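Keep the structure open while you read.

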Amino acid sequence: MLVLTPDFELYADDRLISDSVTSYLVSEDTCLYISLQHKLHLVSPTDRRQLDKERAVELGSKLIACSTSSTSVTMQMPRGNLETIHPRPFVIRVIKELIDKLEYMKALKEMKKHRIDMNLLVDYRPNVFLEHIGDFIRSAKDPDLVNLLIAALNNHCSEWCDGVPMNDKVNCITDLLTKEVVSLPHERRIHMLVVALSALLKATPQRVQEALRLIIEHTNEHTLELILFSLSLREHEREKTEEKGLKKKTYRIN
């Protein structure tokens, strides 16, 4: 049970959470509060562990509502208007719930929307993902979304997961994705072929010859032009992203 005293002290079962609280909310195992220093905090009510970085809020902001089934937290601003934010722990909780329900494409969309490392899709429950990777590909309607996952893959474990990373994760996942795409019916295979190509080129070392063979076997001249154009666009976007990152790093150094 949480209690806020007139002296701005927030207690959880007689344990002091903070002595400078203006408003608070509780959502499952997360306590949110705004301090007198105009900072929003997310902590565990049991051990006061910080669950996310504190963030500055406008003077006079007040917590109004949060939900256990969505990513949003609503605050009322001093002028009376409402502002909605999406704290990372709330986003991660919803994504993990989607993964638990095997709704992988919805989980990917949430990761894209909130810029969450997509390795979470694999690392959260790796054995379950491997078991259902065929369902994942068959349910995918947007190959670009799957390609975002492929581009994000690395051999490290997501920061939002505990445990040991999957052995040779990138090569394992890209190999399985390729096999699942190739096993699709013809029309679906053509639609998702760029996923197989991206997976083969993501592998270490790159499986270029296999990618070329897939192109020759599964495409006509017109489709080949579209695929090559799509791949060139992705390469261009990747180079632009790397260039922006380099500029940011250079700016910080100076």
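Val122 sits in helix H3; helices here are DSSP runs of H or I with at least four residues, strands are runs of E with at least two, and both are numbered from the N terminus. This is a predicted model, where local features need pLDDT of at least 70, side-chain atom pairs count only at pLDDT 80 or more, and totals for chains, interfaces and linings use all residues. Residues are numbered from 1 along each chain as its sequence is written, and side-chain values use heavy atoms, with hydrogens and water left out.

Is Val122 buried or exposed? Val122 is buried, with a relative accessible area of 0% (buried means under 20%, exposed over 50%, partly exposed in between, using a 1.4 Å probe and protein chains only). Setting aside neighbours within four places in sequence, Val122 is in contact with Phe129, Leu153, Met166, Lys169 and Ile173, where contact means heavy atoms within 4.5 Å.

Val73 belongs to strand S9 (residues 73-76), and it counts as buried at 0% relative accessibility. Beyond four places in sequence, its contacts include Leu32, Cys66, Ile85 and Phe90. His114, in helix H2, is buried too, at 12% relative accessible area. Again leaving out residues up to four places away, His114 touches Thr71, His86, Arg88 and Val91.

Here are two pairs to find along the chain.

| Pair | Separation in sequence | C-alpha to C-alpha distance |
|---|---|---|
| Val122 and Ile173 | 51 residues | 8.6 Å |
| Val73 and Leu32 | 41 residues | 9.3 Å |

Now for helix H2 (residues 104-114): Tyr104, Met105, Ala107, Leu108, Met111 and His114 are its buried residues. What do they pack against? Their partners are H1, helix H3 (120-123), helix H4 (126-131), helix H5 (133-139) and helix H6 (143-152).

On to the cores. A nonpolar core is a set of buried Ala, Val, Leu, Ile, Met, Phe, Trp, Tyr and Cys residues joined through side-chain atoms within 4.5 Å. The largest one has 45 residues, and Leu108, Met111, Leu121, Phe136 and Val146 touch the most other members. Helix H8 (residues 186-202) gives the largest share of this core, 8 residues. A second, separate core has 12 residues, among them Leu32, Ile34, Val57 and Met77. Back to Leu121: outside four places in sequence, its contacts include Ile99, Tyr104, Phe129 and Leu149.

Last stop, a pocket. The second largest pocket is lined by 16 residues, with Leu51, Pro89, Ile92, Lys96 and Trp160 nearest its centre. (On a 1 Å grid over the protein atoms alone, a pocket is an open set of points where a 1.4 Å probe fits, with protein on both sides within 12 Å along at least five of seven lines; lining residues have an atom within 4 Å of a point.) Helix H1 (residues 88-100) supplies the largest share of that lining, 5 residues. Where does the second largest pocket lie? Domain 1 (2-85) and domain 2 (90-206) both give residues to its lining, so this pocket lies between them; the domain bounds come from an automatic or database domain assignment.

For the whole protein chain, the secondary structure comes to 10 helices and 10 strands. Of its 254 residues, 39% count as buried.
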